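I opened the model today to look up its salt bridges and one of its helices. My notes follow in the order in which I checked things.

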Amino acid sequence: MTMTIAGIAVIVLGLICWLGQTLMVLAPRVAVKLGVGEPEEDLDRSMYLFERFSQGIMDVLLTWMLPASALMMLLGNEHWPVLALVGAGVYLYFPGVFSITRIVLKRDGRSIGSPASVLTAYVFGALWTLSAVCMIALAVVELAVAG
C-alpha cells in the first residue's frame, strides 16, 4: 500500500515537473498561461536565460527518471531501484540549485519572480525533495531485501 501511494504521488509530482519544464523550454508562453512558468519580464534576464535554456534543458533531459522509476515500481519491474536512486539524485539537486540561485540573486537585488510564484516554486521544490527521499528509502529497502 505504501509503495502504491508513494508511486502515484511521485508520478504525479514528477510529471508536473517534467511537463512544466518541457513547456517552459519549448513553449514558454503556454507554460506561463498554465502557471508553470513565469513571464520573462518578471525575472532578471540572466536568470530567465539560465532557467529556460541551461537548467531548463537539463531538467527536461533528466527529470523523467524519478517518475519513470515510480511507474516501474508499480509495474513490478525489478530494475526500478537503480533508476530511482539516479532520478532521486536529480530531484535532490535541482530544487537546491533553484533555491540557492533565488536567494543569491534576491540578495543582489535581482528580480526573481513574483512572491506568489516563488512561494509556489519553493513548495513544489520541497515536495520534489520529499519525493526523492521517499524513493531513495524505498529503493534501499528493496535492494536490501533483494540482496
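**Charged pairs**

I began with R45, which is partly exposed at a relative accessible area of 46%; here buried means under 20% relative accessible area, exposed over 50%, and partly exposed in between (1.4 Å probe, protein chains only). I note that this is a predicted model, in which local features need pLDDT of at least 70 and side-chain atom pairs count only at pLDDT 80 or more, while totals for chains, interfaces and linings use all residues. Residues are numbered from 1 along each chain as its sequence is written, and side-chain values use heavy atoms, with hydrogens and water left out.

I then looked up the partner of R45 and found a salt bridge to the side chain of E40, at 2.0 Å from N to O; the term stands for a side-chain nitrogen of Lys or Arg within 4 Å of a carboxyl oxygen of Asp or Glu. E40 is also partly exposed, with 33% relative accessibility.

Next I checked D44, which pairs with R110 in a salt bridge whose closest N and O atoms are 3.3 Å apart. This pair links distant parts of the chain, since D44 lies in the loop between α2 and α3 and R110 in the loop between α5 and α6 (115-146), 66 residues apart. Helices are DSSP runs (H or I, at least four residues), numbered from the N terminus. D44 counts as buried at 14% relative accessibility, whereas R110 is partly exposed at 36%.

I also found R110 in a salt bridge with D108, at 3.0 Å from N to O. Salt bridges that share partners join E38, E51 and R102 into one network. By this rule I record 5 salt bridges.

**Helix α3**

I turned to α3, which has 18 residues and reaches 24 Å from its first C-alpha to its last, close to the 26 Å expected at 1.5 Å a residue; the expected span is 1.5 Å times one less than the number of residues. I noted a kink of about 45° centred on G56, the bend being the angle between axes fitted to the seven residues ending at a residue and the seven starting there.

Among the buried residues of α3 I listed Y48, E51, R52 and G56, and what covers the buried residues of this helix includes α1 (2-26), α2 (28-34) and α5 (80-107). Lastly I looked up L62, which is placed in α3 (residues 45-62) and is partly exposed at 31% relative accessible area.

Definitions and conventions: Helix = DSSP H or I, 4+ residues; strand = E, 2+ residues; numbered from the N terminus. Contact = heavy atoms within 4.5 Å.
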